[in-house]
Amino acid sequence: MSPRVDFGLGLRPDHYEEIAANPGKVSWFEVLSENYMVPGGNPLQWLDTFRRDYQMAMHGVSLSIGSIDPLDLRYLDELKVLVNRIEPMWVSDHLCFTGLRGVNMHDLLPLPYTEEALDHVTERVMRVQDHLGRRLVLENVSSYVTYAASELTEWDFIAALAQRADCELLLDVNNVYVSAFNHEFDARAFLRAMPAARVRQFHLAGHLHKGTHIIDTHDHPIIPDVWELYAEAVRLFPSVPTMIERDANIPPYAELLAELDMAREIAARVAQERAPEAAE
Amino acid sequence: MSLGAPTTNAGSLADLQRAFQDYLLSSNNRFAASVRDTRKADRVTLLDVYRDGYALRLIEVLTNDYPGVMAMAGPADFDYMARAYIAAHPSHHPSVRWFGKDLADFLARTPPFNGSPAVAEMARFEWALGDAFDSADASPIVAQTLIDLPAEAWETLAFTRLPSLRVLSFDFDVPRAWQQRDEQEAGNLEVARADAPTPWVIWRPQLTSNFRSLATDEATMLAVLMEERPFPELCECLIPSAGEEQAPARAAGLLRGWVEEGMIGSFRH
Ligand SMILES: [Fe+2]
């Protein structure tokens, strides 16, 4: 029987050798889909090697689910090829748009939270799910600007989308924290609005605080406030697989494993809080 | 239903997305009217997170893909060059892996960068190395399979190169300079002009890429091999340099070397 999928990390080339030398430290890896959309060589070799020993989730950055451009069917086909190779637990991307007119900005640009956008994204999520033959998992992004046109809160938008499109959610706890600070909303209200049955995965990450706003940089350790918010997330959504995203200023594998232990401790503590309730 | 609806009204999803992208790609600031200040930060500061982030992210991609160009140009000139490239070549691919693919051509034809042709050559070399790194996998043939062939097979024997193999010609000694890219402070890497334009071969027999220069007749024969011409034509192309008598032996010797170095993907006869 394969081990329970609980705490994982993002698979990063900087760690390939260390992971190979220290097997079994995590139960799963999240892999960045686009990094493995290459003809061959070293990246796919490592991917196949690790896939033999670990469960994997695929995480993309270029689906551009909210864009007004037509869906990029070539991209979806490439994604499907990779899905067949990896046989991931699930496939995720971000609730955003990454460009239009055929240009990829390589950034996760926020959508206006309007009924029009909700209709548009819902229809596209359903088409992508049909194309892939599986449910899509969508992540809340960090954002820096609020559209004057927005009619809904981000959390109402996400909850409605998940319901209407019948998709699942990747809850990035750091992104909730960052956006709550930037747009002055209550991070806990955001969490409470998420449909519990659809929360498939958590992300944790560090960020850069600029005083007037926070930038989602993934280049620092997770801060105490985000750990606290994570505890709240675990209370609301128990047993959801958790991973840490580190994309820049990447420390040794062991350091990220130590940070992941913090997530394990928090989840264990929350489980203990719950134990008396269960006994009653 | 939003899909077929007209999208010209300001505040529509389409209009907002266009304005956002225009804000990032050009100096069109119209989008600022569509977003709010917060109590802590004004909207221009917040929009700058996206505008700055867009450029910095792609500059980082180019920095990773082109360490040799960075070693030649130094951070300030590299930054200037990268921003010019980003403006001229927005990404059209889902992966940043391909973003830098036109850099060498851009540098070779765009002033003021075309005044330093060695930099464009370095870019071309580094892109070819990157292409070899994650090119399609194939196992090179081994010498014994050729030795075992009956003599008459050589009349029609033709080869394919490994998918990763490519040949480039450089006026400057960029591959040697590239090997020293970490040895000086960025900006100080000097690249000498070669005595004559020199063909170089880049290929990846297993997981590690190789490169080396080619002798003139070797490059000639490799070009013919890559057109999948039969072995007698490989010999023929060496007659001008080796003479009619020596050409077959030279061809066999070169071929053996390539097979042993793992450059040849397959053969048929
Ligand atoms: Fe995330």
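1. Starting with the overall layout: 37 Å separates the C-alpha centres of domain 1 of chain B and domain 2 of chain B. Keep in mind that this is a predicted model. As for the bounds, domain 1 of chain B runs over 13–120, and domain 2 of chain B covers 143–268.

2. On who takes part: domain 1 of chain B puts 10 residues into the contact, and domain 2 of chain B also puts in 10 residues.

3. Now the area. About 690 Å² is buried between domain 1 of chain B and domain 2 of chain B, with 75% of that coming from carbon and sulfur atoms. Which three residues of domain 1 of chain B supply more of its buried area than any other three? They are Ala71(B), Met72(B) and Ala118(B), which give 60% of what domain 1 of chain B buries against domain 2 of chain B.

4. Looking at secondary structure on the domain 1 side, helix H3 (67–88) and helix H5 (117–133) of chain B each bring at least two residues to the side that touches domain 2 of chain B. H3(B) has the largest share of that side, with eight residues.

5. Last, the make-up of that side of domain 1 of chain B: eight residues are nonpolar, two are polar and none is charged.

Notes: Residues numbered from 1 in each chain as written. Chains lettered and ligands numbered in written order. Predicted model: local features only at pLDDT ≥ 70, side-chain atom pairs only at ≥ 80, totals over all residues. Heavy atoms only, no water. Domains from an automatic or database assignment. Contact = heavy atoms within 4.5 Å. Buried area = accessible area lost by both parts, 1.4 Å probe. Helix = DSSP H or I, 4+ residues; strand = E, 2+ residues; numbered from the N terminus. Nonpolar A, V, L, I, M, F, W, Y, C, P; charged D, E, K, R; others polar.
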